[in-house]
Amino acid sequence: MSDASLSFASIAELSAMLETGEVSSVELTRHFCNRIDQYDGCINSFITRCEEQALASALAADQRRSSGDATPLTGIPIAHKDIFCTQGIKTSCASRMLDNFVPPYSATVVSKLDAVGTVTLGKVNMDEFAMGSSNETSFYGPVANPWDRTRVPGGSSGGSAAAVAAGLVPFATGTDTGGSIRQPASLCGITGLKPTYGRVSRLGIIAFASSLDQAGPMTRTAEDAAIVLSAMSGIDPGDSTSADVPVPDFRALLNADIRGLRIGVPQEYFNADLSVEVGDTIHAALAELEAAGAQLVDISLPHTHEGIATYYVIAPAEASANLSRYDGVRFGHRCDNPIDLNDLYERSRSEGFGDEVQRRILVGTYALSAGFYDAYFKKAQQVRRIIANDFKQAFEQVDIIAGPAAPGVAFKHGDKAADPLTMYMEDVYTLSVNLAGLPGMSIPAGFINGLPLGLQLIGKAFDEQTLLNTGHCFQQRTTWHRSQPDMTRLTA
Amino acid sequence: MSVTPTDVAQVAQLARLKIQDTALEDVTERFGRILDLVNELHNVDTHNVEPMSNPHDMTQRLRPDTVTETNQRAQLQSVSPAVEEGYFLVPKVID
């Protein structure tokens, strides 16, 4: 197999090649490190690289495979979003606040993937503290979309999405609080799965909004997402919100036969805010699923619009509490020459956090403050239940729900950064899924003017299998997920 | 409901953030627009609706109150800005 075809091969394909000995993990690791050397100067997807450690892990993975003890992921290179704590490797959350933070422990997700033998190439860029939809709030600079470097990759897992889309790594981890896996997956033309809340341990994932955060795989195919999800998932004594639900072998259970599957199409996802081109592309994807034997059912999620207001109370409120730990005392950025303790707190925090993070802390503090708690935080939690009930009712009629993952394709750098409200609308189709705690996935569904667009699939709680099956079926019938960006144009 | 720069400065003080005087007008304007957005919540009738804090209405598991970890103070303090003999150093609080 040529070097070029290695770059965009799926995990399943690379795994088969490792198994036959066609390629070794050390060779794969060298190959992807070279790709990063060659292209990441234009993309800026990596914050930290760890090539030396990666080669040592690759060597160990090759030995493990030769002793007959391999899993499908043994020896496969990976990048972790820089929100996952990695013992001994800087974990910045793309913030000046944590620019000097080298965690003394690893996230459960990282430990689990280490244990099956993945090879960590480095830590990838993101919006600061996962707050953003364009990867423009990173302390380490914006990430370019490999399909057009003048455009954003989406966010907050923009580095993960861009690295996979550019063939710099076969897969990456991401986290999704309001759409941060699915929206960048849509904008970069890859497959991104946000599991059910509780499916994956949050231990060691730097907290943004604890009742919404969930980690998931960002891959080329639904089959790869199935492989990775099984390895990431499971109850963890270190996360008391992780769910005591059995983890299936999602890949073994993959079934591309979706005849009779009832797919709900929410009318609110196709209103006047959605451009004609996006609507047409999504309808064409739905028609493909219908041709595969699924049945499309019109449904209503009446509080879709109010989801934005609900999310922008609950997420900042939880963030303001979570980010109170950054006080300049125990770890993270500390200002120079503090006059007194209050000065230490205020200057360390104001110097350490960027504008969007400070904005959300302010909104969250306001929503939780005396006199406003009932009007904002409690009210938002009540509307959250109404939104969750909308989904429950819809799932009485259908097996999954489908629609756009984002309102449009990748936009230009700077186009939305000046106005936080415009940016917040990027997540209009994704954030209610987090409020309801459901699994959601974006799969490549077509192109508009050369830019990829994702179809979002939303499932019942803990029914990731149906999402994966539907995605797998779609990818058996289409080639959108096999499209590659023009790397010569990228570097031109 | 509109917010004033004084309101925002007070919230910033609660959040231990320092907003430069020159930025306060701008921060207040954006803050006000976000409040306008979230005020759409008040269009929804939530009479008798129980607030939802966990999407699966799960309560958190408890474990027996026993020691499960060994002392890792030195390791955990290795990332601290200023420590001495196991203590975190901060500016003098009491004269």
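In chain B, α1(B) and α2(B) are roughly perpendicular to each other (the label covers angles of 65 to 115 degrees). Keep in mind that this is a predicted model, where local features need pLDDT of at least 70, side-chain atom pairs count only at pLDDT 80 or more, and totals for chains, interfaces and linings use all residues. Residues are numbered from 1 along each chain as written, with chains lettered from A in the order in which they are written.

Back to the helix pair: the axes of α1(B) (residues 5–14) and α2(B) (residues 21–38) come within 9 Å and cross at roughly 90°. From α1(B), P5(B), V8(B) and A9(B) meet a set in α2(B) that includes L24(B) and F31(B). Contact here says that C-beta atoms, placed from the backbone, lie within 7 Å.

The two chains also touch: 56 residues of chain A are in contact with 41 residues of chain B. On chain A's side, α13(A) gives the largest share, eleven residues. Here is how two contact surfaces split by class:

| Surface | Nonpolar | Polar | Charged |
|---|---|---|---|
| Contact of α1(B) with α2(B) | six residues | one residue | one residue |

Now to a strand in chain A. Five of the five residues of β4(A) (172–176) are buried, so β4(A) is largely enclosed by the rest of the structure; buried takes 20 or more other C-beta atoms within 10 Å of the residue's own. A172(A), G174(A) and D176(A) cover one side, with T173(A) and T175(A) on the other. Five bridges join β4(A) to the antiparallel β6(A) (residues 214–219), and G174(A) has G216(A) as its bridge partner there.

Definitions and conventions: Helices (H or I, at least four residues) and strands (E, at least two) are DSSP runs, numbered from the N terminus. Axes are lines fitted to C-alpha atoms, for helices over the stretch in contact, and angles run from 0 to 180 degrees between N-to-C directions. Angles under 35 degrees count as roughly parallel, over 145 as roughly antiparallel, 65 to 115 as roughly perpendicular and the rest as oblique. Ala, Val, Leu, Ile, Met, Phe, Trp, Tyr, Cys and Pro count as nonpolar, Asp, Glu, Lys and Arg as charged, and the others, Gly among them, as polar. A residue is buried if 20 or more other C-beta atoms lie within 10 Å of its own, exposed if 12 or fewer, and partly exposed in between; C-beta atoms are placed from the backbone. Two strands pair if DSSP finds at least two bridges between them.
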